[in-house]
Amino acid sequence: MLAEAQEPRRARVGVALGGGSARGYAHIGVLCALERRGVRPDVVVGTSFGAVVGALYACGRDLESIRGDAERLRRRDVFPHIVDVGFARGALLSGDRLEAYFERLVDGRHFEDCDVPLAVVATDLDTGERVTLRSGPLAPALRASASLPGLFAPALVDGRRLIDGGIGTPVPLDALRDERVDLAIGVGAGVEVRDSLPLRMARGAVRAAPGRLLGFALARARGAGPWGGLMQALALTVEAWSGAGERLPEGTGDELHVQTRPPISWLRFDRAALAIIAGDAAMETAWPRLHGSLERFAAATPTLT
């Protein structure tokens with residue numbers, strides 16, 4: 001008898017999409033470049049704006065449709081749907097409208113409805129721990145992951161007060177280690193410290209003695225009530241800044257790090273096209289490394305019969 005045809009097992013690929021607000025549109029370009037090369041992620045993890053893009057993709061939305069909607073969007077189309085008063089909860093905005101906006105964006109879906117396994121990363125306001133959400137309704141999870149301290153009030157999910165996942169994990173690559181992937185791709189869209197004088201100055205300030213004293217004072221000021229919650233969030237932010245690095249490393253082996261560096265500011269929702277192009281170009285530049293990892297995996301993996 002003739003031996004049956006044998007095929008190598010395909011690598012299980014996961015992507016981790018970081019924050020960056022409007023700069024996070026670069027994630028769409030990264031996903032477009034991957035699919036153009038025949039790589040469709042098996043798992044998606046996202047934080048902050050990366051969680052929003054990841055959720056749309058995981059829900060089965062066509063990338064061209066996502067891209068078209070993003071490029072047509074204007075700031076006036078976004079802000080009226082997310083602006084609400086939140087002073088009583090220790091923030092400028094309550095976040096209720098933001099959650100309702102996400103609810104419409106994902107058509108009320110739950111994690112369990114996704115075509116691609118999805119995880120959303122947030123930060124526990126009370127403990128500073130990373131929280132990875134994998135079940136239940138998507139909209140509250142997205143709202144939690146995008147709740148920037150001081151701007152949006154914390155979101156209550158499963159009894160925990162959650163805020164922006166990007167505070168503790170700008171690119172949630174480590175969350176993919178729980179997803180049994182063979183190759184993990186971390187994608188950054190935020191401003192790198194090395195590229196911004198204000199960010200370098202801010203990082204230096206929080207690392208210096210006065211900055212450490214500020215973090216200590218904020219931590220001591222934490223307490224009950226909305227403003228105590230704000231102090232907690234600011235203390236976490238100072239702590240995160242004190243450990244901020246210069247840039248996202250390139251990565252080696254089964255982890256690939258891609259920094260998109262989109263040429264727009266974080267509130268320019270009307271310039272999605274530029275961010276998408278930057279993401280596509282960054283992934284194309286990284287493709288030789290990714291292709292090499294895929295080939296090494298195929299060569300080292302027993303074939304299936």
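Is cysteine 59 buried or exposed? Cysteine 59 is buried, with a relative accessible area of 7%; here buried means under 20% relative accessible area, exposed means over 50%, and partly exposed covers what lies in between, using a 1.4 Å probe and protein chains only. Before going on, a word on what you're looking at: this is a predicted model, where local features need pLDDT of at least 70, side-chain atom pairs count only at pLDDT 80 or more, and totals for chains, interfaces and linings use all residues. Residues are numbered from 1 along each chain as its sequence is written, and side-chain values use heavy atoms, with hydrogens and water left out.

Let's stay with that cysteine for a moment. Its closest cysteine sulfur belongs to cysteine 114, and at 4.2 Å the two sulfurs are too far apart for a bond. Cysteine 114 is buried as well, with a relative accessible area of 14%. A disulfide is taken as a pair of cysteine sulfur atoms within 2.5 Å, and a search of the whole structure turns up zero of them.

Now have a look at helix 2, residues 49-58. Helices (H or I, at least four residues) and strands (E, at least two) are DSSP runs, numbered from the N terminus. Ten of the ten residues of helix 2 are buried, so the helix is largely enclosed by the rest of the structure. Among those buried residues are Phe49, Val52, Leu56 and Tyr57. Just after the helix, glycine 60 takes a positive phi of about 95 degrees.

What does strand 4 pair with? Two strands count as paired if DSSP finds at least two bridges between them. Strand 3 and strand 4 run parallel, with four bridges, and valine 44 stands opposite leucine 118 of strand 4 there. Strand 5 joins strand 4 in the antiparallel sense, also through four bridges, and here threonine 123 faces arginine 130 of strand 5. The hairpin of strands 4 and 5 has five residues between the strands, and in it glycine 128 takes a positive phi near 80 degrees. Strand 7 is antiparallel to strand 4 too, with three bridges, and the bridge partner of aspartate 124 in strand 7 is leucine 162.

Next come the charged pairs. A salt bridge here is a side-chain nitrogen of Lys or Arg within 4 Å of a carboxyl oxygen of Asp or Glu, and by this rule the count comes to 20. Take glutamate 284 and arginine 37, whose side chains meet at 2.9 Å, N to O. This pair links distant parts of the chain, 247 residues apart: glutamate 284 sits in helix 10 (residues 272-300), while arginine 37 is in the loop between helix 1 (26-36) and strand 3 (43-47). Glutamate 284 is partly exposed at 27% relative accessibility, and arginine 37 is partly exposed at 41%.

For a local pair, turn to helix 3 (residues 63-72), where arginine 72 and aspartate 69 are three residues apart and so separated by about one helical turn. Their salt bridge has its closest N and O atoms 2.7 Å apart. Arginine 72 is exposed, at 56% relative accessibility, whereas aspartate 69 is partly exposed at 37%.

Arginine 134 and glutamate 179 also form a salt bridge, with the closest N and O atoms 2.7 Å apart. These two are 45 residues apart, with arginine 134 in the loop between strand 5 (130-133) and helix 6 (138-145), and glutamate 179 in the loop between strand 7 (160-164) and strand 8 (183-188). Arginine 134 is partly exposed at 39%, but glutamate 179 is buried at 12%. Shared partners join Arg130, Arg134, Asp174, Asp178 and Glu179 into one salt-bridge network.

Finally, the nonpolar interior. A nonpolar core is a set of buried Ala, Val, Leu, Ile, Met, Phe, Trp, Tyr and Cys residues joined through side-chain atoms within 4.5 Å. The largest one has 70 residues, of which Tyr25, Leu118, Ile185, Met283 and Leu290 touch the most other members. Helix 10 supplies the largest share of this core, ten residues. Counting contact as heavy atoms within 4.5 Å, and leaving out residues up to four places away in sequence, isoleucine 185 touches residues including Val13, Leu34, Leu173, Leu256 and Leu290.
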